[in-house]
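Subject: Handover of a structure and its findings

Dear colleague,

Please find below the structure that I am handing over to you. My findings follow it.

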Amino acid sequence: MSHHERLRNFLRAHTTLFIVVLIVFTTSQTAFAEVSGGEAELDTVAAKPDPVAANRVKAREAVRNLEAAKQEMRALYKSVEGTAEEGFDLKRLEIREVLEGMGKDIRELLEILSAVEMSTALGDSIQNAVESSLRFQADLARDVDALHSTRLAEANDQRQGMPPESLGRLEVRIGEAEQLLAGNLARILGIGMMQEKAGLDASGLWEWTDGRLAEHAKQLEIQLQLAVMARRRALEQIDAAQQIGISPDDEQLLRFQAAEIRIAAIISGLSSITDFMETRGIEPAKYRLMVIQATGEITEHILNWKVLVGLVRGGAIDILGWLRQNAPTALLRLGIVILFALLFRLLGWFFWYMALLFRRPPKLLGNLLRRMVRPTSTIIGVLAGLWFLGVDPTTLLAGLGVMSIIVGLALQDSLGNLAAGLFILLYKPYDIDQIVLAGGVLGRVKGMGLANTTIITFDNRRFFIPNRKIWGDIIENRSLEKVRRVQATVRVSYDEDIVKVLQSIGEILKESDLILETPAPAIFVSKLDDSWLQVSVWPWTKTETWWDLETELPLMIRVGLAKRGVTVPYPRQAIDISSEGQPGTQPGA
């Protein structure tokens with residue numbers, strides 16, 4: 001192979017570096033040619049201690065630095081030929097350092113340009129040098145963009161027919177090329193901003209840049225859609241293999257990994273492009289929406305109302321499309337699940353009533369079990385319907401088990417009420433419609449759930465008392481015993497015949513149908529007060545008539561004693577006044 005052929009092959013492999021070197025060479029030559037013409041003028045006035053002379057010295061120094069950088073770049077370029085890949089990376093770092101130094105010199109020229117008058121020879125020279133340099137850099141940057149686009153298109157064409165084991169490396173190279181293209185577009189944006197800073201007309205460059213950003217964003221949009229489809233196909237193949245109980249082959253896994261790398265690279269490039277578009281005032285909501293939909297990651301861009309509206313609209317379109325495609329099958333399967341749920345609900349009620357024929361549980365337990373028949377049978381029916389359709393219910397049960405652990409940790413108090421409710425059902429301290437004093441509330445039990453017990457007081461107030469509070473406190477059941485005692489007290493004057501009064505009270509009690517003969521009522525003098533005798537009356541009655549007797553007994557005794565001529569005494573106090581010890585009297589007087 002001849003020297004020219006080796007050089008041509010090397011340039012084809014490192015075209016980007018060659019163009020960068022051309023940019024530096026041309027920029028340095030143009031700047032030096034335009035500014036060196038004024039070196040004679042700079043030399044003649046360098047000795048003058050004024051700001052203009054100082055700026056001329058700085059400008060001459062910057063131009064000389066650019067010339068030296070040009071010579072150094074030429075030497076680096078010659079040393080690149082025949083360099084291995086590792087050595088090329090080192091040379092690239094050296095070249096980047098030189099380019100940074102040249103950029104510093106150009107920025108210094110811009111600062112000098114802002115300090116001198118534009119009408120002077122020095123200002124005109126610097127203005128022309130900067131304008132020529134930036135315009136040439138912009139032209140070369142557009143050429144580099146075209147080169148990167150060509151390389152990306154060629155790399156994308158290589159994807160067809162590429163062996164699966166090589167797809168991952170290809171996608172990595174395409175991602176690196178995409179980063180180079182985005183970096184070049186960033187440099188173009190920087191060149192345009194420098195043109196505006198130098199007071200130059202950048203409208204042409206901005207027009208090209210805006211069109212290129214929109215064009216490349218559209219290309220990335222199409223590539224992202226294709227990559228997502230490729231990932232979906234690979235994932236479907238992997239899922240299909242797993243469903244039939246076999247492991248996916250290496251080709252499927254490699255294609256899926258390559259699609260993931262491809263999507264990540266496209267999203268990275270699209271994110272950079274959208275940032276550039278926002279810098280240029282172009283609305284990037286459409287492409288940011290695509291990034292969110294492809295990754296599933298919620299970023300700060302969702303706060304943009306256009307992105308949010310796009311997400312909602314896209315979700316609605318996806319749902320409608322899924323319904324149009326799967327509505328008949330989905331409705332049929334839903335109908336099968338509902339049919340199983342109804343069937344098992346009927347079976348649940350059938351077995352419930354069959355169980356009641358053999359043994360009727362306590363009202364409290366029966367009420368709770370009756371309320372649990374419907375949801376329990378419905379859940380079993382839904383699981384049976386899913387099993388009939390080929391859905392493994394063990395996955396759902398495992399998920400429910402994990403969820404129950406999480407809910408249990410979050411609802412410890414509720415679980416305490418549930419445990420207390422189970423103990424109440426087990427030991428049965430009360431039942432429905434019984435009168436109890438529980439949790440500090442006296443009333444009739446209306447019902448009990450897994451979390452609380454409902455009690456209605458005698459003034460028709462409804463209390464929902466946590467089962468844990470009831471079980472942890474004293475429970476008084478006033479409805480368990482068949483008979484209850486009513487207590488009343490009667491005041492009898494010391495002037496009355498107490499034996500006759502006791503007999504009269506006994507006769508009054510016998511006249512009432514509410515009072516039981518057995519156990520016999522207890523009538524006795526319980527206290528000797530200052531003004532009367534206190535008689536206690538303890539009759540017995542059935543539990544269901546206790547409240548009636550409790551309210552009627554005092555009036556019954558009062559009316560009966562009045563008919564028999566027995567009066568009820570009232571508090572009185574006798575005061576005996578004696579003359580002894582009065583002032584001014586003598587004893588015995």
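Leu357 has a relative accessibility of 69% and therefore counts as exposed, the cut-off being over 50%. Please note that this is a predicted model. Leu357 belongs to helix α11, which covers residues 305-358. A nonpolar surface patch of about 790 Å² includes Leu357, and its other members are Leu343, Leu347, Phe350, Phe351, Met354 and Phe358.

Helix packing

Helix α7 (residues 164-197) packs with helix α9 (residues 250-279) at an angle of about 5°, and their axes are 8 Å apart. Because of that angle, α7 is roughly parallel to α9. In the contact of α7 with α9, 14 residues are nonpolar, 5 are polar and 6 are charged.

Arg107 is part of helix α5 (residues 85-115), and its relative accessibility of 48% makes it partly exposed. Between the C-alpha atoms of Arg107 and Ala62 there are 9.6 Å, although 45 residues along the chain separate the two.

Salt bridges

The whole structure contains 9 salt bridges. I describe several of them here.

Lys218 is bridged to Glu221, with 3.4 Å between the closest N and O atoms. Both residues sit in helix α8 (residues 203-243), and because they are 3 residues apart, about one helical turn separates Lys218 and Glu221. Their accessibility is as follows: Lys218 is partly exposed at 38% relative accessibility, whereas Glu221 is buried, its relative accessible area being 7%.

A second salt bridge joins the side chains of Glu260 and Arg231, at 3.4 Å from N to O. This pair links distant parts of the chain, as Glu260 is in helix α9 and Arg231 is in helix α8, 29 residues apart. Glu260 counts as partly exposed, with a relative accessibility of 31%.

Glu511 and Arg564 form another salt bridge, in which the closest N and O atoms are 3.4 Å apart. Here too distant parts of the chain are linked: Glu511 lies in the loop between α16 and β8, Arg564 lies in the segment after α17 (546-563), and 53 residues separate them. With 58% relative accessibility, Glu511 is exposed, while Arg564, at 30%, is partly exposed.

Finally under this heading, a network of salt bridges links Asp145, Arg212 and Glu215.

Backbone geometry

Most residues other than glycine have a negative phi, and most peptide bonds are trans.

Pro519 is located in the loop between α16 (498-510) and β8 (522-528).

Lys428 is not a glycine, and its phi is positive, near 50°. The position of Lys428 is in the loop between α14 (412-427) and β1 (435-438). Lys428 is partly exposed, with a relative accessibility of 46%.

Asn460, likewise a residue other than glycine, has a positive phi near 65°. Asn460 occupies the loop between β3 (452-456) and β4 (462-466). A relative accessible area of 64% makes Asn460 exposed.

Yours sincerely,

A colleague

Technical notes: Residues numbered from 1 in each chain as written. Predicted model: local features only at pLDDT ≥ 70, side-chain atom pairs only at ≥ 80, totals over all residues. Heavy atoms only, no water. Axes fitted to C-alpha atoms, helices over the stretch in contact; angles between N-to-C directions. Helix = DSSP H or I, 4+ residues; strand = E, 2+ residues; numbered from the N terminus. Parallel < 35°, antiparallel > 145°, perpendicular 65-115°, else oblique. Nonpolar A, V, L, I, M, F, W, Y, C, P; charged D, E, K, R; others polar. Patch = residues over 30% accessible without salt bridge, like charges linked within 9 Å, V, L, I, M, F, W, Y side chains within 5 Å. Areas by Shrake-Rupley, 256 points an atom, 1.4 Å probe, with all protein chains shown as cover. Salt bridge = Lys/Arg side-chain N within 4 Å of Asp/Glu carboxyl O. Buried < 20%, exposed > 50% of the residue type's maximum accessible area, 1.4 Å probe, protein only.
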